[in-house]
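Visitor: I would like to learn how to read a model of this kind, feature by feature. Could you take me through one slowly?

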Amino acid sequence: MQPADLLIDNLATLASIDADGDFGVQHDAAIAIRNGHIEAVGPREEVLRAVQLADDAEVIDASGMSAVPGLVDCHTHIVYGGNRIHEFDLRAQGADYERIAAEGGGIKASVKLTREATDEALLAAATKRLARMRALGTTTAEVKSGYGLTAQDEARMLATAKAAGEAAGVRVTTTCLALHSTPPEAASPDAYVDYAIEEILPACAPLADAADVFLERGVFDVEQSRRFLEAARSHGLRLRLHADQFSEMGAIPLAIELAAASVDHLEATTDDGVKALAASNVIGVGLPVAALTLKRPMPPLRQLIDAGGRVALATDANPGSAPCLSLPTTMHLACTQMGLSCAEALAAATQGGAAVLGLDDTVGRLAVGYKADVVLVDDPDWRQLIAQLGAEPARVIRG
Ligand code: NIG
Ligand code: FE
């Protein structure tokens, strides 16, 4: 075994899904790291016995602190121009999100502002958001397009997401959300779906890991979504769906039919949807900030877990429905509003998110061989990162 170059020593507690997939908490622990990967992790006596330290190794004395895996935010929209703070203020005074969208605000407003933004402005704003996310514990983030809606503008969003990830030190995966809205220049939603399949997907596939659709009343229906997702699959992309945010339109059956990686939102999902999803391999992603902000019912993650389903948690960070970059706040909401335990919330925001992105053999756990993505919490009890509303990590390390 080669000598370790970083030792995180004297941890009061360490919480993570382990190599076998079980959640565990260790006391008096340490993590030995070499070349950005975990060499040994567990009780400090065992770790110190197992590894040799390089002469110039860095040693972090984490006395009184705890460690959890780097957080994985598997659903964000953080590349966009301008902002929609005035819509937030209008909703605060009673305006409705779907009504604002129907009147040309919402996603359409961000499309206009994003198309108008210079490359430099788009990159600077996205980098600032990702840097803030990293300070809040996110070491891996998925970033969607969806405010460009032309081949060129969608590809520009994805390239910006990758560049911003490099600049901010966050591992970024990208998703082509061409079916987010029908742009004003399109003759009809069907004509736009044709364009998305023929022009946007070929331009974006080399820059994207996944494809996504907003399957919702007044946006795109099952047939349009199926056509686009099948085409995306032929480009080798993972499949995701914005599902059941305001209405059940058949997104869960479609996701199961297509073996999608996830369905995200689920505020309008009924018992039958929960049952079908729990019996499948598709992961249900809860976005509690969007539910809170838009005064929607919380997604039924408790019921999904109890029925044996797979779940993840994400911020949905975007300029409209979820103005929040914090997974600790998201986990807090999962505990206080959705009935998850701290352990379930942490698992959903680490290993769960990694599974959605197809990265759960490399990130989302403090386990040997995994990337050394570590969040240090300045409290002997790791749950303080979730319990204290607005908590921030003491330090974030990315392997
Ligand atoms: O996940 N629901 C669709 N898309 C985003 C909202 C984007 C926006 O409002 O700009 C969401 O909530
Ligand atoms: Fe979203």
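Guide: Let us begin with a term: a residue is called buried under 20% relative accessible area, exposed over 50%, and partly exposed in between. What we have here is a predicted model, and in it Asn 10, with a relative accessible area of 26%, is partly exposed. Asn 10 has its place in strand β1, which covers residues 4-17.

Visitor: Which class does Asn 35 fall into, buried or exposed?

Guide: Asn 35 counts as exposed, since its relative accessibility is 57%, and it is found in the loop between β2 (23-34) and β3 (37-43).

Visitor: What should I look for in the backbone angles?

Guide: Most residues other than glycine have a negative phi. Against that background, Asn 10 has a phi near 65 degrees, a positive value in a residue that is not glycine, and Asn 35 likewise carries a positive phi, of about 55 degrees.

Visitor: How is the chain divided into domains?

Guide: The division gives domain 1, made of 4-70 + 365-397, and domain 2, made of 71-356. The C-alpha centres of domain 1 and domain 2 are 30 Å apart, and across the boundary 23 residues of domain 1 are in contact with 22 residues of domain 2.

Visitor: How many strands does the open sheet have, and in what order do they stand?

Guide: Strands of a sheet pair through backbone hydrogen bonds, either parallel or antiparallel. In this model an open sheet of eight strands runs in the order β6-β7-β8-β9-β10-β11-β12-β13, with parallel pairing. The edges are held by β6 (71-73) and β13 (311-313), each of which has a single partner strand, so that one side of each is left without a neighbour in the sheet. On average, and with direction ignored, neighbouring strands of this sheet are turned by 25 degrees against each other.

Visitor: Which residues stand opposite one another when β8 is paired with its neighbours?

Guide: On the β7 side, strand β7 (residues 138-144) and strand β8 (residues 171-179) pair in the parallel sense over five bridges, and there Glu 142 stands opposite Thr 173 in β8. With β9, strand β8 pairs in the parallel sense over three bridges, and Thr 175 has Ala 210 in β9 as its bridge partner.

Visitor: How many residues of β9 are buried?

Guide: Five of the five residues of β9 (residues 210-214) are buried, so this strand is largely enclosed by the rest of the structure. Both of its faces are covered, with Ala 210, Asp 212 and Phe 214 buried on one side and Ala 211 and Val 213 buried on the other.

Visitor: How do I read a helix such as α10 in the same way?

Guide: An α-helix has 3.6 residues a turn, so residues three or four places apart point the same way. In helix α10 (residues 271-278), the buried residues are Gly 273, Val 274, Leu 277 and Ala 278. They cover an arc of only 125 degrees around the axis, which puts them on the same side of α10. The face turned away from that buried side carries the exposed residues Asp 271, Asp 272 and Lys 275, whereas the buried residues of α10 pack against α9 (251-257), β11 (262-265), β12 (283-286) and α12 (301-306).

Visitor: Which residues have the most contacts inside the largest nonpolar core?

Guide: That core has 86 residues, and those with the most contacts inside it are Leu 130, Leu 179, Phe 228, Leu 241, Val 263, Leu 313 and Met 331. Helix α6 (residues 151-168) gives the most to this core, with seven residues, and the core draws at least three residues from each of domain 1 and domain 2. If we leave aside its neighbours within four places in sequence, Phe 228 is in contact with residues including Leu 179, Ala 211, Asp 212 and Val 213.

Visitor: Where does Met 338 lie, and what is it in contact with?

Guide: Met 338 has its place in helix α13 (residues 327-338), and at 7% relative accessibility Met 338 counts as buried. Apart from neighbours within four places in sequence, the contacts of Met 338 are Pro 288, Met 298, Pro 299, Leu 301, Arg 302, Leu 313 and Leu 333.

Terms used. Residues numbered from 1 in each chain as written. Chains lettered and ligands numbered in written order. Predicted model: local features only at pLDDT ≥ 70, side-chain atom pairs only at ≥ 80, totals over all residues. Heavy atoms only, no water. Core = buried A, V, L, I, M, F, W, Y, C linked by side-chain atoms within 4.5 Å. Buried < 20%, exposed > 50% of the residue type's maximum accessible area, 1.4 Å probe, protein only. Helix = DSSP H or I, 4+ residues; strand = E, 2+ residues; numbered from the N terminus. Domains from an automatic or database assignment. Contact = heavy atoms within 4.5 Å. Arc of directions from axis to C-beta. Pairing = 2+ DSSP bridges. Axes fitted to C-alpha atoms, helices over the stretch in contact; angles between N-to-C directions.
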